[in-house]
Amino acid sequence: MKENILIKINELIEEKKINKAQFELSKLGPEFLENSEYLYLRSKVFCFNKLYYLAIDMLLIASEFKQSDKIYNLIAEIYNILGNKELSKKISNPDLRLQAVNSLKKELTGISQKEES
């Protein structure tokens with residue numbers, strides 16, 4: 001059930017029906033707050049609305065729950081848009097991305113990190 005809702009919202013975003021997608025996302029309850037796909041879709045809506053730093057925050061939180069190429073690729077795309085080409089290249093590179101993203105999480109406040117052993 002959850003996946004069907006998220007697929008529908010993704011289709012709305014792809015069709016550039018951002019207001020409708022945003023409305024559908026707003027109807028979802030707190031059980032989605034740790035769902036990486038939900039967080040990814042919210043970040044895509046933020047990108048369309050040019051709220052890039054909110055999108056980055058959302059993507060960094062999503063990466064706490066699931067490490068996914070699409071999450072990292074969108075972070076890299078946003079940093080490219082913002083003019084930080086060097087960081088964009090690091091995050092685009094699978095060999096460098098984890099170090100770059102972990103560095104970002106340490107620099108940005110409000111992004112909790114899992115304890116690493």
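This is a predicted model: local features need pLDDT of at least 70, side-chain atom pairs count only at pLDDT 80 or more; totals for chains, interfaces and linings use all residues.
Reader: How is H5 oriented relative to H6: roughly parallel or roughly antiparallel?
Author: Helix H5 spans residues 69-81 and helix H6 spans residues 85-92. They pack at an angle of about 165°, with their axes 8 Å apart. Angles over 145 degrees count as roughly antiparallel. That angle therefore makes H5, relative to H6, roughly antiparallel.

Reader: How many residues of the contact of H5 with H6 are nonpolar, polar and charged?
Author: From H5 come Tyr 72, Ile 75, Ala 76, Tyr 79 and Asn 80. They meet Lys 85, Leu 87, Ser 88, Ile 91 and Ser 92 in H6. By class, this contact has 1 charged, 3 polar and 6 nonpolar residues.

Reader: What is the hand of the crossing of H5 and H7?
Author: Helix H7 covers residues 97-107, and its axis is 12 Å from that of H5. The two pack at an angle of about 65°, which makes H5 roughly perpendicular to H7. The hand of their crossing is left-handed.

Reader: Which residues of H7 meet H5?
Author: The H5 side of this contact consists of Asp 69, Tyr 72, Asn 73 and Tyr 79. Across the contact as a whole there are 5 nonpolar, 1 polar and 2 charged residues. The H7 residues that meet H5 are Arg 97, Leu 98, Val 101 and Leu 104.

Reader: Which term describes how H6 and H7 lie to each other?
Author: H6 and H7 pack at an angle of about 125°, and their axes are 7 Å apart. The range for roughly perpendicular is 65 to 115 degrees, and roughly antiparallel requires over 145. H6 and H7 are therefore oblique.

Reader: Which residues of H7 make the contact with H6?
Author: H6 contributes Leu 87, Lys 90, Ile 91 and Ser 92. Counted by class, the contact of H6 with H7 holds 2 charged, 1 polar and 5 nonpolar residues. On the H7 side the residues are Arg 97, Ala 100, Val 101 and Leu 104.

Reader: Why do the buried residues of H7 line one face of the helix?
Author: The buried residues of H7 are Arg 97, Ala 100, Val 101, Leu 104 and Lys 105. In an α-helix, residues three or four places apart point the same way, because there are 3.6 residues a turn. Seen down the axis of H7, its buried residues line one face because they fall within an arc of 140°.

Reader: Which residues are exposed on the other side of H7?
Author: The buried residues of H7 are covered by elements including helix H4 (52-65), H5 and H6. On the other side of H7, the exposed residues are Gln 99, Lys 106 and Glu 107.

Notes. Residues are numbered from 1 along each chain as its sequence is written. Side-chain values use heavy atoms; hydrogens and water are left out. Axes are lines fitted to C-alpha atoms, for helices over the stretch in contact, and angles run from 0 to 180 degrees between N-to-C directions. Helices (H or I, at least four residues) and strands (E, at least two) are DSSP runs, numbered from the N terminus. Angles under 35 degrees count as roughly parallel, over 145 as roughly antiparallel, 65 to 115 as roughly perpendicular and the rest as oblique. Contact means heavy atoms within 4.5 Å. Ala, Val, Leu, Ile, Met, Phe, Trp, Tyr, Cys and Pro count as nonpolar, Asp, Glu, Lys and Arg as charged, and the others, Gly among them, as polar. A crossing is left-handed if the near helix is turned anticlockwise from the far one by less than a right angle, and right-handed if clockwise. Buried means under 20% relative accessible area, exposed over 50%, partly exposed in between (1.4 Å probe, protein chains only). The arc is that of the directions from the helix axis to the C-beta atoms.
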